[in-house]
Amino acid sequence: MVSNATAGLICPSPMKPTSNGIFQGDDPLQFSLPLVILQICLVLVVTRGLAFILKPLRQPRVIAEIIGGILLGPSALGRSKSYMQAIFPPKSLPVLDTLANIGLLLFLFLAGLGLDPKSLRWTGKKALGIALAGISLPFALGIGSSYVLKETISRGVNRNAFLVFMGVALSITAFPVLARILAELKLLTTDVGKMAMSAAAVNDVVAWILLALAIALSGTGKSSLVSLWIFLSGCVFVVCAILIVPPIFKWIAQRCHEGEPVKETYICATLAVVLAAGLVTDAIGIHAMFGAFVIGVLIPKDGPFADTLVEKVEDLVSGLFLPLYFVSSGLKTNVATIQGLQSWGLLVLVIFTACFGKIFGTLLVTLLCKTPLREALTLAFLMNTKGLVELIVLNIGKDRKVLNDQTFAIMVLMALFTTFITTPIVMAIYKPEKRKRMADYKNRTIERKNPNTQLRILTCYHSARNIPSIINLLEASRGSEKREGLSVDALHLMELSERSSAIIMVHKARKHGLPFWNKSQQSDSNHVVVAFEAYRQLSHVSIRSMKAISSIPDMHDDICNAAETNRAAIIILPFHKHQRVDGSLETTRNDFHLVNLKVLEHARCSVGILVDRGLGGTTQVAASNVSYFIMVPFFGGCDDREALAYGVRMAEHPGIRLMVIRFIVEPESMGEIVRVSIDSSSSTELRSSDEEFLAEFKQNMAKNDSIKYAEKLVRNAADTIAVLSELKCCNLFLVGRMPECEAALDLSRSDCPELGPVGSLLTSPDFSTTASVLIVQQYKSGTSPNLTLQVEDESPDKDSESN
């Protein structure tokens, strides 16, 4: 029967690549190309759907991909024979496995690019001791548990290879997954995070060495010398690569300059070298992924070359090819083989052995280093993280007949369980103290008692789209020479993802802190940094470029903390919609809408939302060529005073004209207007603050011919809209987010409460204008901003506003 089954798998003819179509009687699923397309689409839908479901649990995407592979395999959907024959027939598996291994090869090349050998020099004795303890104890326990498995469910396998494979499988720490978890939990720059990253880096290198040894031992050669020859040949390959590869790629990197595209020839040559290295290691008898990983490690990390390689390769690999590897693993995993009390007992034994070895070994050495118990326990659970590398070890063991179906299923479930529990346990036992706030500083707003003090701005951006307008806005904000100047921090907001580039940025954040400074132009290939650096040199404005890597739900924390650290008076955020060619606004990403709302709620300084319609055009405008007309509609309230204070500062620029329109509601028509309940004493204090501010403004206006002031009587929202329509031919509107005036409350309603009523009107499709709009919210100490377009019940403390 065995021979018949074997013959049944071999006899079917190879699948042709393409069909003639269903209209000519061909079934597309009997041909390799349409079938593999269907398999890829199914894999992507299942894995991305599971990732979305598990996102609230803050689980890394590798968990969803492992579970998705198991569900698509014989453990769940594969129980249906018709499903397996239609979607994953045996004759299609070689094509699927080939694509999966190409994806794995390229992914390991990216993983090598993300691992800087120089970082190992930062590893202190403490981290080295933790790493060695976290490897040696679980490795020893893995060998011990392998004897139990060999006497029960793994009889007849290669004893030496099985011992090493079990030891390696239990001692691995998934470095990329660990970095992702640390960044997600905001632990990268804590002592625990730094120690975990250092120890995991050492663990990663040792694990690859042990895996190479395990593969060498798993050879099918009759002579024991074969394994020795394989291992020695692998060592020779590594030595030759170290001598040959770095000089070549250093020469290439030196010819790739900042701000210039990398030649396609260099990219193609590098990928060819990666594939050739994979061919050599596969010919030696070690998996092809080793060659790709070694090349990735040896490529120089400085300059734009390495970043460009990642950018060119990562999305196709991690988004399309790599999920196929998890499905390939899932098709080999049959949970149904774990039957009976003995098998489930062995599963519990393996999970306990893996967790106990990692956790106890790490905990013991950490406590001996006089680390507090809570931090030591957190570090121990973090080091217990498994992931893709674990699956690689298990798949190689399965392919080389070292692990049978039952052992393979047990080990996959162990990896899934240990990784799944890491995030919730770490969140439960380690709650670091909130970042200590900086000593209170006075100037948290633009409106202040002494307007000549230095203005500090934190401006944020997601991409290069708004950079010209941001720089032109900063140029307008410089003020006169009599002031102490302008200090700007430009914060590039990067979403934390599973992409290799994000993990590389995580490594940099580990070194520099988060957010971290771009200390020189050469430290980053981003041309945006070059633009800010050029503006700094030309304008003599103090400007620094930063990057922050955050998940979307936590991005506002990095923004608020950066503003607090740098004593910013105002945060300028880009609106989540951008202008199309026809002038309408199109949503870029709705996630950024939520980020802006959270910053408005939590920021301890003023906040501005910039609706960019091309302020100054699509390029940076030189200071001598600036010619802007800025409009400030003033209805009253602290936000309007903040907007006017900003406008007054801009009007000091010789190329800027400022027009201020004060809207006054006619007393006799008050009965026709929808009223909002405001305490009379608060209303009186509010009017007093506005009058005092305007009186001082009018007094200073006489010294500046570029400022014009007018008052308009309005009876209702229609009159207000008519006045604003007459003034739409300007370059920039500066408006308060929540004007405290009945005539403004009913102007416009939208699904963007961060814009306020006036901002919503000026950005609505019904209001035709080409002017950009900056909506300003003034910081009010002790109160939370209102995000429902309602007037605050209490007026802000006057003293806090003027600080």
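Helices and strands are here DSSP runs, of at least four residues for helices (H or I) and at least two for strands (E), and they are numbered from the N terminus. On that basis the secondary structure of the protein comes to 28 helices and 13 strands, in a model that is predicted. Of the 803 residues of the protein, 56% count as buried, and among the contacts with a separation of 6 or more, 81% are accounted for by residues 24 or more positions apart.

- Two packed helices are described by the angle between their axes and the distance between the axes.
- For helix α7 (residues 159-171) and helix α9 (residues 191-217), the axes come within 9 Å and cross at roughly 160 degrees; because angles over 145 degrees count as roughly antiparallel, α7 and α9 are described as roughly antiparallel to each other.
- The crossing of α7 and α9 is left-handed, and the residues that make the contact are Asn160, Ala161, Val164, Phe165, Val168 and Ser171 on the α7 side, with Asn203, Ala207, Leu210, Leu211, Ala214, Ile215 and Leu217 on the α9 side.
- Sorted by class, this contact of α7 with α9 comprises 10 nonpolar and three polar residues, with no charged residues.
- Ile396, which lies in helix α16 (residues 388-399), counts as buried at 3% relative accessibility.
- Leaving aside residues up to four places away in sequence, Ile396 touches Phe165, Leu211, Ile215, His287 and Met289; of these, Phe165 belongs to the α7 side of the contact described above, and Leu211 and Ile215 to the α9 side.
- Ile396 and Ile215 are 181 residues apart in sequence, and their C-alpha atoms are 7.7 Å apart in space.

**Helix α21 and its surroundings**

- Helix α21 (residues 555-565) is mostly covered, with eight of its 11 residues buried, namely Met555, His556, Asp558, Ile559, Cys560, Ala562, Ala563 and Glu564.
- The elements against which these buried residues of α21 pack are the strands β1, β2 (486-495), β4 (542-550) and β5 (570-574), together with helix α22 (590-602).
- The axes of α21 and α22 come within 9 Å and cross at roughly 40 degrees, and that makes α21 oblique to α22.
- The crossing of α21 and α22 is right-handed, and the contact is made by Met555, His556, Ile559 and Cys560 of α21 and by Val595, Lys598, Val599 and His602 of α22.
- By class, the residues in the contact of α21 with α22 are five nonpolar, two polar and one charged.
- An α-helix has 3.6 residues a turn, so residues three or four places apart point the same way.
- Just after α21, Arg567 takes a positive phi of about 55 degrees.

**Arg444, a buried arginine in a loop**

- Arg444 is placed in the loop between α17 (405-429) and β1 (455-461), and its relative accessible area of 5% makes Arg444 buried.
- The side chain of Arg444 is joined to the side chain of Glu564 by a polar contact of 3.3 Å, and Glu564 is itself one of the buried residues of α21.

**Helix α18**

- Helix α18 (residues 467-476) is also mostly covered, since 10 of its 10 residues are buried.
- The buried residues of α18 are given as Ile467, Pro468, Ser469, Ile470, Ile471, Asn472, Leu473, Leu474, Glu475 and Ala476, so that the list includes Glu475, of a kind that counts as charged.

**Positive phi in loops**

- Arg58, although not a glycine, has a positive phi of about 60 degrees; Arg58 is placed in the loop between α2 (32-54) and α3 (61-72), and at 24% relative accessibility Arg58 counts as partly exposed.
- Lys370 is likewise not a glycine and has a positive phi of about 65 degrees; the place of Lys370 is in the loop between α14 (340-368) and α15 (373-382), where Lys370 is exposed, with a relative accessible area of 78%.

Terms used
Residues are numbered from 1 along each chain as its sequence is written. This is a predicted model: local features need pLDDT of at least 70, side-chain atom pairs count only at pLDDT 80 or more; totals for chains, interfaces and linings use all residues. Side-chain values use heavy atoms; hydrogens and water are left out. Axes are lines fitted to C-alpha atoms, for helices over the stretch in contact, and angles run from 0 to 180 degrees between N-to-C directions. Angles under 35 degrees count as roughly parallel, over 145 as roughly antiparallel, 65 to 115 as roughly perpendicular and the rest as oblique. A crossing is left-handed if the near helix is turned anticlockwise from the far one by less than a right angle, and right-handed if clockwise. Contact means heavy atoms within 4.5 Å. Buried means under 20% relative accessible area, exposed over 50%, partly exposed in between (1.4 Å probe, protein chains only). A polar contact is a pair of N or O atoms within 3.5 Å; within protein, one must be able to donate a hydrogen and the other to accept it, and residues adjacent in sequence count only if both atoms are side-chain atoms.
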